[in-house]
Amino acid sequence: MPMWLQALLWGTLAGAALLLGSGLSWKWNIPPKVVSSVMSFGAGVLISALAFDLVEEAQQGGGLWPTIAGFLAGALVYVGANALLARSGAKHRKRSNGKQPSEQEKPGSGTAIAIGALLDGIPESVVLGLGLITGGAVSPAMLAAVFISNVPEGLSSTAGMKRAGRSPGYVFGVWGGIALISGIAALIGYAAMQSAPAELVAFITATAAGAILAMLADTMIPEAFEEHHILTGLIAAVGFLTAFAVSQASG
């Protein structure tokens, strides 16, 4: 199978986990503590993938300074874009407890939430495409991390969308569109960088990593601790170790 097609398929598969989480949340009213626990696990998974796959891979492939520059650039761009979207009503897009505004409460918030969800998903998809360049195959650890973390993202955001009174067409249109765009983002990550210098690949990989870490701190971790209970930290640690184990087993 051609590499570009692999990038497209793996990116779409990872994005489809958002639809899976969304479908579960739309069909059943999942208790807030369960949503919070699953989000904690997903946050731990992504933190592990950042530490043991993306940043380490970028540093080894292109050097320390491109990695540092890219990481900071990714975090700055994400935080800036997220701040703009928050003013339009997308601040609580991953919250499940009714903090998401309805369109009546905040006109334009539906569009802002959709763009915010897209902003959250693109960096994860790009690194899947880049992994085909640096490793010759998609990283099982990174694919597992993105898929596992996307399920609670779709689950929590959809719970909030339901409470805000958004329609099924809106909800599944958003997540279905993002799943498709995730595949395209992975394809672009592969196609645009396959002949690029190692330093540039490292910079882009680290940029995605910085954006993902900023996303975790701004959106996933607050939801993970929204319904705080004594096992929240432990669940996040188990998620971290799960991704670490997958990384070591596939390495």
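Looked up the second largest pocket first: about 170 Å³ of space lies in it. My pocket here is an open set of points on a 1 Å grid over the protein atoms alone, with protein on both sides within 12 Å along at least five of seven lines, and lining residues have an atom within 4 Å of a point. The volume is the space filled by probe spheres set on the points, which are joined across faces, edges and corners.

The model is predicted, so I kept in mind that local features need pLDDT of at least 70 and side-chain atom pairs pLDDT 80 or more, while totals for chains, interfaces and linings use all residues. Numbering runs from 1 along each chain as its sequence is written, and side-chain values use heavy atoms, without hydrogens and water.

Who lines this pocket? I noted Gly74, Tyr78, Pro123 and Thr207 among them. Helices α3, α4 (109-135) and α7 (198-224) each give at least two lining residues; helices are DSSP runs of H or I, at least four residues, numbered from the N terminus.

Next, α7. I found a kink of about 45 degrees centred on leucine 216, the bend being the angle between axes fitted to the seven residues ending there and the seven starting there.

Then α2 (residues 32-62). This helix bends by about 40 degrees at leucine 50. Just after α2, glycine 63 has a positive phi of about 100 degrees.

Last, I checked leucine 72, which sits in α3 (residues 64-90).

Technical notes. 1 Å grid on protein atoms, 1.4 Å probe; cavity = no way out; pocket = protein on both sides within 12 Å on 5 of 7 lines; lining within 4 Å.
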